[in-house]
Each structure stands twice: as C-alpha cells, then as structure tokens.
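Work through the two exercises below with the model in view.

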Amino acid sequence: MSGSMMVLAAAGAFVLSHFLLSHPLRRPLVNAMGEKGFLGLYSAVALITFGLAARAFQHAPATPPLWRVGDGLWAFVTAAMLAASILLLGSFVRNPALPGAAASAAKAEARGVYGITRHPMMWAFAIWGACHILVYPVEKNIILAGAIIVLALVGAALQDRKKAGQDPQGWIAWESRTSYWPFAAIAQGRAQFGGFGGHAIGGGIVVWLLATWAHIPLAGWAAGIWRWLT
C-alpha cells in the first residue's frame with residue numbers, strides 16, 4: 001500500500017470512528033458503560049486513530065505540489081487563519097453546543113461568532129484544513145486536511161440533528177436565529193455582525209501568532225506573518 005493510501009486509510013478510520021461513536025453508537029455504549037466509561041473509550045479511540053493518521057502522514061513521501069504557492073496565496077491564508085482563530089476562541093464562551101450547555105440554546109444570543117455561524121468551532125477547523133491544503137498542495141496533506149474538513153462540516157450537520165432530537169424546542173429556536181453557513185443569518189437579517197468579546201478577538205490574535213510561529217520549530221518553515229518577519 002502506498003504512503004498516500006496509508007494516510008487515507010488512517011484518516012478514514014479517524015473520521016468514521018468519530019461519527020460512529022458520536023451518533024449511532026453513543027447511546028447504547030453510554031447505557032452499557034456509563035458516561036465516564038464511554039468518554040474514556042471515545043478519547044482512546046480518537047487518540048489512537050489520530051496518532052495512526054499522523055504517523056502515516058509523517059512516513060508518506062511528499063508528492064510534487066499541484067500548484068504554485070506564492071506570497072499572494074500566503075497573505076490570503078494568513079488572514080483566513082486569523083479569522084479561524086477568532087472563531088475558535090469565541091466558540092468556548094456561550095456556546096449551546098458544548099457539553100452541559102444545552103439548556104442555554106433557547107435563549108442564547110446570536111451575536112459575535114454566533115452571528116456568523118452557530119458552529120464557529122467546526123468552521124474554524126474547516127478553514128484550518130482548507131488553508132493547509134492551499135499552501136501545501138501535496139497528496140498526503142490534501143487527504144489528511146480534507147478529512148479534517150469532512151469531520152468538521154459533516155459533524156456540524158449531524159450535531160444539529162442530534163441536538164434537535166435532544167432539545168426540539170430550544171435547538172430549533174437557536175437554529176431560527178443562526179445559520180449553519182457563515183454569514184447566511186446576517187444576509188437574511190436574522191443576526192447582526194458585531195458583539196465580539198475581547199476573549200474572541202484578543203485570544204484569537206494570540207493563538208494565531210503562537211500557532212503560526214510554532215511552524216518554525218515544528219515544521220522547519222515559517223507560516224503566517226512570520227514568513228515576512230523572519
């Protein structure tokens with residue numbers, strides 16, 4: 001089996017196991033093992049399958065890039081990753097989708113990152129995957145980053161279905177004020193752009209700076225603004 005096929009198999013196992021454990025297998029396993037036992041199993045499977053995907057990626061040879069990556073593309077990706085970092089940091093506050101916060105869905109406010117999308121965390125990961133494909137368009141990276149995109153965006157849609165089943169009134173009310181697709185609720189007049197907290201913008205900038213700088217010691221090449229500062 002080629003290196004890219006190994007990456008595909010491992011990434012596929014990571015995504016499929018996540019979907020199975022998060023949705024059809026969750027309830028029977030929780031009933032059999034309890035919530036803590038299930039969380040332990042879920043974490044172990046996620047770590048093992050992601051570790052296999054990372055190892056396969058590391059050992060797979062890099063194929064020739066599919067397109068040229070110049071400064072213009074790097075500038076676009078740098079800005080997109082800043083937006084993703086703000087979405088990610090904003091998603092940790094007032095998020096009805098987080099464990100233990102489901103009761104807040106009925107009254108949650110569609111502002112800040114939730115005015116953009118009700119799935120800011122998922123879209124942050126999807127943007128991350130798309131950006132990494134754009135600046136490193138080799139076969140193994142397209143496979144792994146593509147798997148992250150599928151996991152994030154299909155997972156967000158499945159999460160909507162699950163949450164609506166668990167809290168029909170609250171989650172449907174939340175859906176009516178927000179949108180799955182970024183900016184759709186704003187365009188339709190159901191949400192307003194603004195209301196970003198300092199944790200989202202300030203924290204997002206810090207994460208963006210640290211994460212892009214970390215490419216230098218970890219990957220051996222500069223990313224983000226560090227391409228022009230180092």
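Two exercises follow, each with a worked solution.

The model is predicted: local features need pLDDT of at least 70, side-chain atom pairs count only at pLDDT 80 or more, and totals for chains, interfaces and linings use all residues. Residues are numbered from 1 along each chain as its sequence is written, and side-chain values use heavy atoms, without hydrogens and water.

**Exercise 1.** Describe how helix 2 and helix 6 are oriented to each other, and list the residues in contact.

Solution. Step 1: find the helices, which are DSSP runs of H or I with at least four residues, numbered from the N terminus. Helix 2 spans residues 26-59 and helix 6 spans residues 139-166.
Step 1: take the axes, lines fitted to C-alpha atoms over the stretch in contact, with angles from 0 to 180 degrees between N-to-C directions. The two axes come within 10 Å and cross at roughly 165°.
Step 2: helix 2 and helix 6 are therefore roughly antiparallel (angles over 145 degrees).
Step 3: list the contact (heavy atoms within 4.5 Å). Helix 2 contributes Ala53, Phe57 and Gln58, and helix 6 contributes Lys140, Asn141 and Leu144.

**Exercise 2.** Classify the angle between helix 3 and helix 9, and name the residues in contact.

Solution. Step 1: helix 3 (residues 71-90) and helix 9 (residues 198-213) pack at about 130°, with axes 7 Å apart.
Step 1: helix 3 makes the contact through Thr78, Met81, Leu82, Ser85, Ile86, Leu89 and Gly90. From helix 9 come His199, Ala200, Ile201, Gly203, Gly204, Ile205, Val207 and Trp208.

Conventions
Helix = DSSP H or I, 4+ residues; strand = E, 2+ residues; numbered from the N terminus. Parallel < 35°, antiparallel > 145°, perpendicular 65-115°, else oblique.
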